[in-house]
Amino acid sequence: MKVAEHKIKELLDLTEVVVEEGIKAVYEYQKTNSYLPNYYRYPELFLKGMEETENFKELQETVDVFKYGIPFFYSTNYNTPKKYDELFNLDGGQFRIACRSLNGFRDLTSFLNDNEDVSVILAGEDKDIDFSVVIFIANIVNRYLYETELFQEGDIDNKVIKSLIKKQLIRFYAETLPVAICIPICFLEFEADEIAITDSISISRMSQEFQISRYNTNHFDSTQENQLVQCAGFMIRLKGYSINNKDRDSMNNAASNYWVYPTELIDDLFASIRIILGCTTGYGQLIIEPENWADKWTTNMIPLYGATVRAFNRKESETKFLGYHIKKVNQEQVDAVRELFFILQEKRKQGKKNKAFKKVFIAVQRLNRCMLREAEDDMALDAIIGIETLLSGDTHGEITYTISNRISVVAAKLKECIYSPAEARKSMRIIYGLRSDIVHGRSLDKNSKIKIGEKIIETKELAIEFLRYSLLFIMRNQEYLEVAKFEEALDDYSEK
């Protein structure tokens, strides 16, 4: 603790008295007053009761968000829960409870005035201690009422009061604040509710309580983007993190700052998912879940704090939420994701000791970028640059010829590749034709599509697919980081 333990103990005891009085005051207030303030912009379940309609089972078969039970919320000001903390102010008045009149309030503020090391953390520098104490007490009282569900009367539960006060005191006075970092995963469904990726990283199903609690953590200006971010049933959960709680603002500054999160690790995991699945996914929230502490509470929601990030393809927001496609991930695919993520993390630890693997990291970055690009030409260029990074090596020859031959080796040796070496080689030449068209400002029509057998494929989509295959092949067969191995392999296989 940043303050002596005996002072924390005294602060807890003094606070307990005032909180108990505040709860009693709310009960007394309601005996003579019908007005209670309500929450503003509170989340409400969209299409509530839809599951009870006659055609819901039919909708479950055709609409993925119903099939997988993805809840969507909207903000409402109608008939929202009561916001009891707004009843409290210093001196009372109409429809207000005067904190100055609460038994123990003056003892608590006197203690804080006499102990600057305690008050500066709770109230901040140059701030009104009395006003800060009102907010502090009101927050705890409000949470107590929702946690006990004793809104109008009932025996005071001092165990609950002490538990809530301790969570607040840890938030203000602990040196570090332990947290889990949660990243909701858009557009993916998993077979198991809990999946261990490592000892400290898991993918887990979000409870309904977590879903509603994350709604107001952060927001986009666009309704469509907010709906996109809500299209998630699972989240990545990272344990073992903490916030350096050096001052009152440290927690909020950290939670809302994208750059303090372990984004490299997060993006490596998403890259592993994209390599294996090749489908649209991403995230729009970086969420901090406190471990045994809390800042501001809202009703009985899980206290969550976080940052907004556009790590998703914004073109997906053009799709109405009933049209979202959700990919089901099976256990074999999860195992493959885990395998690739382990490789990436082990190579990250080696740092400069493994210079050859740097090209994989660059290609991974290109894959993540191209999957999020809105412009089709940017998407294609990122994918092609990623392929070049992996397959070109130090070639001094004609690059189209070289890359086309080496992608045919990938096609021959990678069981996941659905194309023959000849198809891959021919397609790569067309992909390079598209690259040339983009770079030289020519019309993209000629090379925008590729015919393979009876299928016609968007060239940009095939470029991304070839980048995924190349990454998967080289990560599993790292001897091919030396491109001379490709030349050896060209003599060893016969085309399928």
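**A first walk through the model**

Hi everyone, let me start at the largest pocket: α11 (263–277), β11 (305–311) and α13 (358–372) each supply at least two residues of its lining. What we are looking at is a predicted model, so local features need pLDDT of at least 70 and side-chain atom pairs count only at pLDDT 80 or more, while totals for chains, interfaces and linings use all residues. Residues are numbered from 1 along each chain as its sequence is written, and side-chain values use heavy atoms, with hydrogens and water left out.

Now the overall picture. The chain has 18 helices and 14 strands; these are DSSP runs numbered from the N terminus, H or I of at least four residues for helices and E of at least two for strands. Its C-alpha trace spans about 90 × 60 × 40 Å along the principal axes. Of the 496 residues in the chain, 53% count as buried. Buried means under 20% relative accessible area, exposed means over 50%, and partly exposed is in between, using a 1.4 Å probe and protein chains only. Contacts, meaning heavy atoms within 4.5 Å, also tell us something about the chain. Taking those with a separation of 6 or more, 77% join residues 24 or more positions apart.

Back to that pocket. On a 1 Å grid over the protein atoms alone, a pocket is an open set of points with protein on both sides within 12 Å along at least five of seven lines, a cavity is a set where a 1.4 Å probe fits but cannot get out, and lining residues have an atom within 4 Å of a point. Points are joined across faces, edges and corners, and a volume is the space filled by probe spheres set on them.

The largest pocket has a volume of about 460 Å³. Its lining is made up of 20 residues, and D267, Q365, N368, R369 and L372 are the ones nearest the centre. Which element gives the largest share of this lining? That is α13, with 7 residues. By class, the lining of the largest pocket has 9 nonpolar, 3 polar and 8 charged residues. Here Ala, Val, Leu, Ile, Met, Phe, Trp, Tyr, Cys and Pro are nonpolar, Asp, Glu, Lys and Arg are charged, and the others, Gly among them, are polar.

If you want to find it in the viewer, look for R214, Y215, N218, H219, F220, N226, V229, Q230 and Q285, which line it. Both α8 (208–215) and α9 (223–230) supply at least two residues of that lining, and α9 gives the most, with 3. The lining of the largest cavity divides into 3 nonpolar, 5 polar and 1 charged residues.

Next, a helix worth a stop: α5, residues 116–123. Its buried residues are V118, S119, I121, L122 and A123. They pack against α1 (5–32), α4, α6 (129–148) and α7 (158–173).

A few single residues now. Y84 sits in the loop between β2 (73–76) and β3 (88–89). Is Y84 buried or exposed? Y84 is buried, because its relative accessible area is 5%. Leaving aside neighbours within four places in sequence, Y84 is in contact with V26, Q30, L36, N142, L145, Y146 and F151. Y84 and L36 are 48 residues apart along the chain, and their C-alpha atoms are separated by 7.1 Å.

For contrast, R106 belongs to helix α4 (residues 105–114). R106 is exposed, because its relative accessible area is 53%. From R106 to T15 there are 91 residues in sequence and 11 Å in space, C-alpha to C-alpha.

Then there is E388, in helix α14 (residues 376–391). With a relative accessible area of 14%, E388 counts as buried. Not counting residues up to four places away in sequence, E388 touches G393, I399, I403, Y432 and R435.

Last, the cysteines. How many disulfides does the model have, taking a disulfide as a pair of cysteine sulfur atoms within 2.5 Å? The count comes to 0. C370 is in no disulfide, and the nearest cysteine sulfur, that of C279, is 13 Å away. C370 is buried, with a relative accessible area of 0%. C417 is in no disulfide either, as the nearest cysteine sulfur, that of C370, is 17 Å away. C417 is also buried, at 9% relative accessibility.

Note on methods. Disulfide = S-S within 2.5 Å.
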